[in-house]
Amino acid sequence: MTSYVIEADGGSRGNPGPAGYGAVVKDASDGQVLAEAAEAIGVTTNNVAEYRGLIAGLRAVLDLGGDGAQVAVRMDSKLVVEQMAGRWKIKNEGLRPLAAEAGSLVRRLRVTEWTWIPRERNSHADRLANEAMDAAAKGLTWKAGGTTTPAAPDAPDAPDAPDGQTSGTRTSATKASGTKAPGTKAPGTKAPGTKASAGQTDLLDAGDMSELSAPTASVATAQARATGQGKGTGWAPPTRVATSLLLLRHGETELSLERRFSGRGEAELTANGLAQASAAAARLARDPYRLDVIVTSPLKRARQTAEAVAGQAGVEVEVFDDLREADFGAWEGHTFTEVQRRWPAELTAWLSDPEVAPPGGESFAETGRRVQAAREHLVERYTGKTVLVVSHVTPIKLLLRDALLAPLQSLYRMHLDLACLSLIEYYADGPAVVKSFNDTSHLR
């Protein structure tokens, strides 16, 4: 059986400050590099980044060798090594969920040693962490081999779950040869966030901005209406168009009214929720929207909202399972306070780590991965179209956060009202632009 060595590191430029981690997996017999992983993780501390590096390394070993693989762990973080070896207590509450996650991975492996090594002997992992942070500072995502690519998104009906209690993360784990490691995704190729090229046109070229409504329809439609001929002002040829995703949150339900966790359950719209859906439909059936496609979460509250729009816009509804709300498991139907009283430890872990799921539920990291897949499919399938996406708090926040290339902490600072509209435009050459956020003017 092959034995492995993990070398992991993490750092923060400010402590707390912009942070990242790196991990390398080597063959214990000859030192050959088998896998690398690195990621910028927003603003946090050195210790958090170090734990994240360890977790990435453990996952990479599981991808390579599976359960029961033999591994030695070496890090220049005395704290992480001693805590994971059980010799030091974990006093920092913020580190306990990370240590628990690492421990759950360790139990699937045969860890033969926890060894502290000097920083100079951990230079490979240190370099990976710095590469990831350097890439993030330029709006890029780390890629194995020391190169970078344009940053790509990953990854409660808040209560409908508590607004803002969402998160997600992405780990770039790639075999040293440059091929994709088992169980990981290759870096994205159509990600938002690349620098606007000379070929990009947006509504700044569309003539009189006062003629355009926000959120507006696709660039092609709005530009043609505003200018009458598609003549630009020099940024790009007028044929460059965007794929527009209009994001509509469903209307009110009894659970959202009472601010209860509402995930996979089939809550129906209240009378007020139906009125909200009708108001959104009246708005979206008029210019400048001209919807080409309507897609919806399979959950009833979203389908009811989508069907109200479809009835007025004359567009058929397609159901996308990946647009459903996160699954809150045992917390479904409970208020945040009730969950805090009955599951205090689980709630703390869930709020601290996007990989942690509610009891019997789905983690935000899992939600983020499927929402990213849905977004990629929609943008590729409906290039240049205006697509209405009817969904829930968590998926919509994740789409907005990814488009803005914002840190995960931004999810805690977003609020989405019931039946609100937001707009993201995706360009063929890479960039994504958020044109509107939480617009509820149709409800007034």
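Residues are numbered from 1 along each chain as its sequence is written, and side-chain values use heavy atoms, with hydrogens and water left out. Because the model is predicted, local features need pLDDT of at least 70 and side-chain atom pairs count only at pLDDT 80 or more, while totals for chains, interfaces and linings use all residues.

Reader: At what angle do the axes of helix 7 and helix 8 cross?
Author: Two packed helices are described by the angle between their axes and the distance between the axes. Helices are DSSP runs (H or I, at least four residues) and strands are too (E, at least two), numbered from the N terminus. Axes are lines fitted to C-alpha atoms, for helices over the stretch in contact, and angles run from 0 to 180 degrees between N-to-C directions. The axes of helix 7 (residues 271-284) and helix 8 (residues 300-313) come within 8 Å, and their crossing angle is roughly 35°.

Reader: Is the crossing of helix 7 and helix 8 left-handed or right-handed?
Author: A crossing is left-handed if the near helix is turned anticlockwise from the far one by less than a right angle, and right-handed if clockwise. The way helix 7 passes helix 8 is right-handed.

Reader: How many residues in the contact of helix 7 with helix 8 are nonpolar, polar and charged?
Author: Contact means heavy atoms within 4.5 Å. Helix 7 contributes Leu274, Ala277, Ser278, Ala281, Ala282 and Leu284, and helix 8 contributes Gln304, Thr305, Ala308, Val309 and Gln312. Ala, Val, Leu, Ile, Met, Phe, Trp, Tyr, Cys and Pro count as nonpolar, Asp, Glu, Lys and Arg as charged, and the others, Gly among them, as polar. The residues of this contact divide into seven nonpolar, four polar and no charged.

Reader: Which elements do the buried residues of helix 8 pack against?
Author: Buried means under 20% relative accessible area, exposed over 50%, and partly exposed in between (1.4 Å probe, protein chains only). In helix 8 the buried residues are Arg301, Ala302, Gln304, Thr305, Ala306, Val309 and Ala310. They pack against strand 9, helix 7, strand 10, strand 11 (317-319) and strand 12.

Reader: Why is helix 12 described as largely enclosed by the rest of the structure?
Author: The cover over its buried residues includes strand 9 (242-249), helix 11 (364-381), strand 12 (386-391), strand 13 (421-427) and strand 14 (432-439). Among the buried residues are Lys397, Arg401 and Asp402. Helix 12 is largely enclosed because the buried count is eleven of the twelve residues.

Reader: What separates the C-alpha atoms of alanine 403 and alanine 432?
Author: Alanine 403 lies in helix 12. Its relative accessible area is 5%, so alanine 403 is buried. Although alanine 403 and alanine 432 are 29 residues apart along the chain, their C-alpha atoms are separated by 5.5 Å.

Reader: What is phi of leucine 405?
Author: Most residues other than glycine have a negative phi, and most peptide bonds are trans. Leucine 405 follows helix 12 and sits in the loop between helix 12 and strand 13. With a relative accessible area of 35%, leucine 405 is partly exposed. Its phi is positive, near 55°.

Reader: Which peptide bond is cis, with omega near 10°?
Author: The proline concerned is placed in the loop between helix 7 and strand 10 (293-296). Arginine 290 is found in that loop too, and its phi is positive, near 50°. The cis bond runs from aspartate 287 to proline 288.

Reader: Which backbone nitrogen does the side chain of serine 12 reach?
Author: Serine 12 lies in strand 1 (residues 3-12) and is buried, with a relative accessible area of 14%. Leaving aside neighbours within four places in sequence, serine 12 is in contact with residues including Pro18, Thr44 and Asn46. At 2.9 Å, its side chain reaches the backbone nitrogen of glycine 17.

Definitions and conventions. Polar contact = N/O pair within 3.5 Å; in protein donor to acceptor, adjacent residues only side chain to side chain.
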